[in-house]
Amino acid sequence: FADDFWDKFRNTYITEEDIRGAVKTNNEVRRSLKRLYEVMKHDPVPIKGQDLFKVLYGSTFKFDRKAIPAEVNALADKVEKEDEGKMLEKMPRILVSGCPVGGATEKVIRAIEDNGGVVVTYENCNGAKSIDKLVDEENPDIYDALARRYLNIGCSVMTPNPNRLDL
């Protein structure tokens, strides 16, 4: 098994066309997640922040990247349609900021929402900054486009950081 795997791995070539296809796919993923993310603009909100976080964070573990936009858009449609008129009760709206990720973020969300608040946005590594900027698909140099997208993320551990303030 191991020899077959490594032979296949060593003989796999990634072309610029493959990279461009992945960029398009991941831009679509970002657009769909941003659309879902924006349901939290409602006040009161239609879903708990913990549910939103599960989708945002969970999408990073899905291998079939091309399936994500349709699934997330369907979820956004469902939330918008089903929850029309039956939003959650009005609660203090909280922004989670900084760089907690994974389990640490879940503990923070749970503490907030168990105590009467609702997390409406995440300005951490799994939230808005990871989906806000797209890779420029029209850039003739796809590697420059990728570098620009990732170097312009408003990371909370970088300073000075005007991109974070813009976000």
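**Entry 1. Arg93 and Asp43**

I looked up the pair Arg93 and Asp43 in this predicted model and found a salt bridge, with the closest N and O atoms 3.7 Å apart. Arg93 belongs to strand β1 (residues 93-97) and Asp43 to the loop between α2 and α3, so this pair ties together parts that are 50 residues apart in sequence. I then checked the exposure of both partners. Arg93 is partly exposed, at a relative accessible area of 34%. Asp43 is also partly exposed, and its value is 42%.

Most peptide bonds are trans. I placed Pro44 in the loop between α2 and α3, the latter covering residues 49-58.

**Entry 2. Glu38 and Lys41**

I recorded a salt bridge between the side chains of Glu38 and Lys41, at 4.0 Å from N to O. The cut-off for a salt bridge is 4 Å, and I therefore list this pair as standing at the limit of the rule. Glu38 is partly exposed, with a relative accessible area of 35%. Lys41 has 62% and is exposed.

**Entry 3. Glu137 and Lys24**

Which side chain does Glu137 meet in a salt bridge at 3.3 Å? I found Lys24 as the partner, the distance being taken from N to O. Glu137 sits in the loop between α6 (128-132) and α7 (142-151), and Lys24 is in helix α2, so the contact ties together parts that are 113 residues apart in sequence. I noted Glu137 as partly exposed, at 23% relative accessible area. Lys24 counts as partly exposed too, at 48%.

I next traced shared partners. Salt bridges link Lys24, Glu28, Arg31 and Glu137 into one network. By the rule applied here, the count of salt bridges comes to 14.

**Entry 4. Arg30**

I turned to Arg30, which is found in helix α2 (residues 16-37). Is Arg30 buried or exposed? I found Arg30 to be buried, yet without a salt bridge. The nearest side chain of opposite charge is that of Glu137, 7.3 Å away. With the salt-bridge limit at 4 Å, I see why Glu137 does not count as a partner of Arg30 at that distance.

I then asked what the side chain of Arg30 makes a polar contact with. The partner is the side chain of Tyr150, at 3.1 Å. Leaving aside neighbours within four places in sequence, I listed the contacts of Arg30 as Ser130, Ile131, Lys133, Leu134, Val135, Arg149 and Tyr150.

**Entry 5. Arg149**

Arg149 is in helix α7. I found that Arg149 is buried and has no salt bridge. Its nearest side chain of opposite charge is Asp132, 8.2 Å away.

Where does a polar atom of the Arg149 side chain lie 2.7 Å from a backbone oxygen? I located that oxygen on Ser130. Beyond neighbours within four places in sequence, Arg149 is in contact with Arg30, Lys129, Ser130, Ile131, Lys133, Leu134 and Val135.

**Entry 6. A nonpolar patch**

I looked up the surface around Phe5, a residue of helix α1 (residues 2-10). Phe5, Trp6 and Phe9 form a nonpolar patch on the surface, and together they have about 350 Å² of accessible area. Phe5 itself is partly exposed, with a relative accessible area of 43%.

**Entry 7. The chain as a whole**

I counted eight helices and two strands, and from the N terminus on the elements run α-α-α-α-β-α-β-α-α-α. The C-alpha trace spans about 55 × 40 × 35 Å along its principal axes. Of the 167 residues, 32% count as buried. Among contacts with a separation of 6 or more, I noted that residues 24 or more positions apart account for 74%. The chain exposes about 10,500 Å², and carbon and sulfur atoms supply 57% of this area.

Conventions
Residues numbered from 1 in each chain as written. Predicted model: local features only at pLDDT ≥ 70, side-chain atom pairs only at ≥ 80, totals over all residues. Heavy atoms only, no water. Helix = DSSP H or I, 4+ residues; strand = E, 2+ residues; numbered from the N terminus. Buried < 20%, exposed > 50% of the residue type's maximum accessible area, 1.4 Å probe, protein only. Lys, Arg positive; Asp, Glu negative; His and termini not counted. Polar contact = N/O pair within 3.5 Å; in protein donor to acceptor, adjacent residues only side chain to side chain. Contact = heavy atoms within 4.5 Å. Patch = residues over 30% accessible without salt bridge, like charges linked within 9 Å, V, L, I, M, F, W, Y side chains within 5 Å. Areas by Shrake-Rupley, 256 points an atom, 1.4 Å probe, with all protein chains shown as cover.
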